Amino acid sequence: SRLAALRRRCDTAGRRLSGPGVAAEGRALRAVLYAFHSKMLRHRPYLGLQQVEQCLKRLWKMNLVGCLGTLVELIPKKDTSEAHAECLVPSQPMLETVALKVLGGCKLILRLLDCCSKTFLLSIKHLCLKEFILLNTVASGLLSRLWFVIQYRCILQTLMSLYDVLSITLHLVSETQKMPYIKGFTFPSDIRNFLGVDRSSEVKKEEAKILKTKKSTSWLKKLFPTMPEAVSEVGKKRNFVTCTSAVTNRTIPCPVDIGETVL
């Protein structure tokens, strides 16, 4: 039934919003911002990373996961098979509150995607100019993961499918007993028209724009020129011994290029 479908969609959205991957990427982003705060405060990709972190912070402060969990607790676990059987359903104020938060979360994720794509293009541009190579390399990798962890086909698509079921349930409940809680706002029947963009076409445009800037192999070859195999093997052994001794002595200046585990 619709209540069972609503329960499944809420559970799926809650798991994806509170997944370990999303939390890990957020912690990594905050660690990068903290490490480069004193030196890169006026750098444009750094400012873009701050906007991405602000969107993530606002999405977390919405407490959408807790709101979905409360709604799941109000949905009865046992579904009645009879057509005219009575059953408990969430109230209209509760459904309206969750629907409003889902709409706000979708809008906020769209803003997050926009910030990720713009900052990614800025970091690639500065990498091509050989400026702040360490920060922009880390930023491009982090933003690409954020873009594909929190993009429309994952969390955004899940929230959109959740709103479709939620909108139908809200309409049926309001017809049974009208108890409007949010006044002055009409809940859209189609969330895609409310968002105002087709995310599939937008993402394809952004990918085409990224590919037009420069091929990744061109600037990677400029930054890291190829070496003969014999020289590279010697370099690998030498670098391995140097890195091992440096890690043992803990005398590496900060920031370092070899990477560091973020707890």
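Select Leu170: leaving out residues up to four places away in sequence, Leu170 touches Gln92, Leu95, Glu96 and Phe187. Touching, or contact, means heavy atoms within 4.5 Å. The model on screen is predicted, so local features need pLDDT of at least 70 and side-chain atom pairs count only at pLDDT 80 or more, while totals for chains, interfaces and linings use all residues. Residues are numbered from 1 along each chain as its sequence is written, and side-chain values use heavy atoms, with hydrogens and water left out.

Helices are DSSP runs of H or I with at least four residues, strands are runs of E with at least two, and both are numbered from the N terminus. Leu170 is buried, because its relative accessible area is 9%. Buried means under 20% relative accessible area, exposed means over 50%, and partly exposed is in between, with a 1.4 Å probe and protein chains only. Leu170 and Met94 are 76 residues apart in sequence, but their C-alpha atoms are 9.4 Å apart in space.

**The whole chain**

Zoom out and colour by secondary structure. The protein has 11 helices and 0 strands, and its pattern along the sequence is α-α-α-α-α-α-α-α-α-α-α. Of the 263 residues in the protein, 37% are buried. Among contacts with a separation of 6 or more, 83% are between residues 24 or more positions apart.

**Helix H3**

Select residues 44–61, which form helix H3. H3 has 18 residues and reaches 26 Å from its first C-alpha to its last, close to the 26 Å expected at 1.5 Å a residue. The expected span is 1.5 Å times one less than the number of residues. Which residues of H3 are buried? They are Pro45, Tyr46, Gly48, Leu49, Val52, Glu53, Cys55, Leu56 and Leu59.

Next, select Asn63, in the loop between H3 and H4. Asn63 has a positive phi of about 55° although it is not a glycine. Asn63 counts as partly exposed because its relative accessibility is 46%.

**H3 against H5**

Show H3 together with H5. Their axes come within 9 Å and cross at roughly 160°, so H3 is roughly antiparallel to H5. Axes are lines fitted to C-alpha atoms, for helices over the stretch in contact, and angles run from 0 to 180 degrees between N-to-C directions. Angles under 35 degrees count as roughly parallel, over 145 as roughly antiparallel, 65 to 115 as roughly perpendicular, and the rest as oblique. H3 passes H5 in a left-handed crossing. Left-handed means that the near helix is turned anticlockwise from the far one by less than a right angle; clockwise is right-handed. Residues making the H3–H5 contact include Gly48, Val52, Cys55 and Leu59 of H3, and Leu108, Leu112, Cys115 and Thr119 of H5.

**H4 between two partners**

Select helix H4 (residues 64–74) and helix H1 (residues 2–17), whose axes come within 9 Å and cross at roughly 155°. That angle makes H1 roughly antiparallel to H4, and the crossing of H1 and H4 is left-handed. Arg7, Cys10, Asp11, Ala13, Gly14 and Leu17 in H1 meet Leu64, Val65, Leu68, Leu71 and Val72 in H4.

The contact is made by Leu64, Cys67, Leu68, Thr70, Leu71 and Leu74 of H4 with Met94, Leu95, Val98, Lys101 and Val102 of H5.

**Two serines**

Select Ser18, in the loop between H1 and helix H2 (20–35). Is Ser18 buried or partly exposed? At 46% relative accessibility, Ser18 counts as partly exposed. Ser18 and Trp60 are 42 residues apart in sequence and 9.5 Å apart from C-alpha to C-alpha.

Last, select Ser140, which lies in helix H6 (residues 133–149). Ser140 counts as buried because its relative accessibility is 11%. Leaving aside neighbours within four places in sequence, Ser140 is in contact with Phe120, Ser123, Ile124 and Leu127.
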